[in-house]
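Subject: Structure handover

Hello,

Here is the structure for you to look over. My notes follow below it.

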Amino acid sequence: MINLVLFGPPGAGKGTQAIFLARKFNLVHLSTGDLLRQEIAAQTDLGRIADEIISKGELVPDSIVIDMIESKLKKPKTTVGFIFDGFPRTVPQAQALDQLLRKHHSKVSVMLCLEVEKEELIDRLLKRGLTSGRCDDADAATIENRINVYNEKTAPIIRYYESQGKYHPIQGTGPIEEITSRLKETVENM
Ligand code: ADP
């Protein structure tokens with residue numbers, strides 16, 4: 001099995017690139033952000049909790065997203081692997097993912113980290129906010145908070161994967177197709 005963790009700050013382009021990589025390598029795309037937005041749209045209890053947290057730019061509790069991923073991994077689906085987009089976002093989530101995959105006799109193959117400077121991230125998110133309708137893209141203060149939360153709670157995961165020899169930084173700026181090629185090459189050379 002190939003299991004890719006697509007990593008990077010908010011606005012790095014994980015969602016866009018995950019779709020290309022999923023198609024290219026025939027992987028199931030699992031985005032916790034998308035799953036949470038589906039819960040919000042369906043107005044479930046979980047969706048109501050998530051909505052309040054997401055609109056402030058904070059992280060949803062680990063137990064919620066870990067349960068969501070666990071239930072997706074349980075589904076008996078024949079696949080060559082998964083691409084995790086926006087998950088894990090904390091070290092306990094990374095540890096939980098390792099445990100879950102171990103149960104399925106599998107593991108994370110590689111962590112691809114899209115690197116983009118803060119100014120460009122803010123620019124991209126504000127632009128996306130004009131059309132996405134996402135409340136967390138709507139104002140500069142929420143975006144700033146998401147980037148701070150990333151630096152504080154999410155970036156420490158880099159060391160977690162680095163110590164396992166799985167961390168691959170990828171330049172996340174330039175034409176979208178070029179970024180896709182960089183990611184593809186890294187996976188193919190794995
Ligand atoms: P982006 O990468 O642009 O921030 P996502 O769609 O990945 O967008 O996530 C949107 C929001 O959903 C996050 O800011 C966070 O509040 C919540 N979220 C998504 N995935 C997780 C996760 N693994 N753990 C905690 N919260 C999450």
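A crossing is left-handed if the near helix is turned anticlockwise from the far one by less than a right angle, and right-handed if clockwise. By that rule, α6 and α7 cross in a right-handed way.

First, the ground rules. This is a predicted model, so local features need pLDDT of at least 70 and side-chain atom pairs count only at pLDDT 80 or more, while totals for chains, interfaces and linings use all residues. Residues are numbered from 1 along each chain as its sequence is written, and side-chain values use heavy atoms, without hydrogens and water. Helices (H or I, at least four residues) and strands (E, at least two) are DSSP runs, numbered from the N terminus.

The sheet

Five strands make an open sheet, ordered β2-β3-β1-β4-β5, with parallel pairing (two strands pair if DSSP finds at least two bridges between them). The edges are β2 (28–31) and β5 (167–171); each has a single partner strand, so one side of each lacks a neighbour in the sheet. From one strand to the next, the twist averages 20°. β2 runs parallel to β3 (residues 81–85), joined by four bridges. V28 stands opposite F82 in β3.

α9 lies across β1 (2–7), β4 (110–115) and β5, and runs at about 160° to β5. Axes are lines fitted to C-alpha atoms, for helices over the stretch in contact, and angles run from 0 to 180 degrees between N-to-C directions.

Helix pairs

Two packed helices are described by the angle between their axes and the distance between the axes. Angles under 35 degrees count as roughly parallel, over 145 as roughly antiparallel, 65 to 115 as roughly perpendicular and the rest as oblique. Contact means heavy atoms within 4.5 Å. For residue classes, Ala, Val, Leu, Ile, Met, Phe, Trp, Tyr, Cys and Pro are nonpolar; Asp, Glu, Lys and Arg are charged; the others, Gly among them, are polar.

- α6 (residues 118–132) packs on α7 (residues 140–154) at about 135°, axes 10 Å apart. The pair is therefore oblique. K118, L121, I122, L125, L126 and R128 of α6 meet A140, I143, E144, R146, I147 and N148 of α7. This contact has seven nonpolar, one polar and four charged residues.
- α1 (residues 14–25) packs on α9 (residues 176–188) at about 50°, axes 10 Å apart. These two are oblique as well, and their crossing is right-handed. T16, Q17, F20, L21, K24 and F25 of α1 touch I176, I179, T180, L183, K184, V187 and E188 of α9. Seven of the contact residues are nonpolar, three polar and three charged.
- The axes of α2 and α4 (residues 62–74) come within 11 Å, crossing at roughly 100°. α2 is thus roughly perpendicular to α4. T32, L35 and L36 of α2 face I64, V65, M68, I69 and K72 of α4 in the contact. Six of these residues are nonpolar, one polar and one charged.

Local points

Where is the cis peptide bond? It joins F87 and P88, with omega about 0°. P88 sits in the loop between β3 and α5 (91–103).

N26 has a positive phi of about 65°, although it is not a glycine. Its place is the loop between α1 and β2.

The whole structure has 13 salt bridges (a side-chain nitrogen of Lys or Arg within 4 Å of a carboxyl oxygen of Asp or Glu). D34 pairs with R37 in a salt bridge, with the closest N and O atoms 2.9 Å apart. D34 and R37 are three residues apart in α2 (residues 32–41), so about one helical turn separates them.

Best wishes
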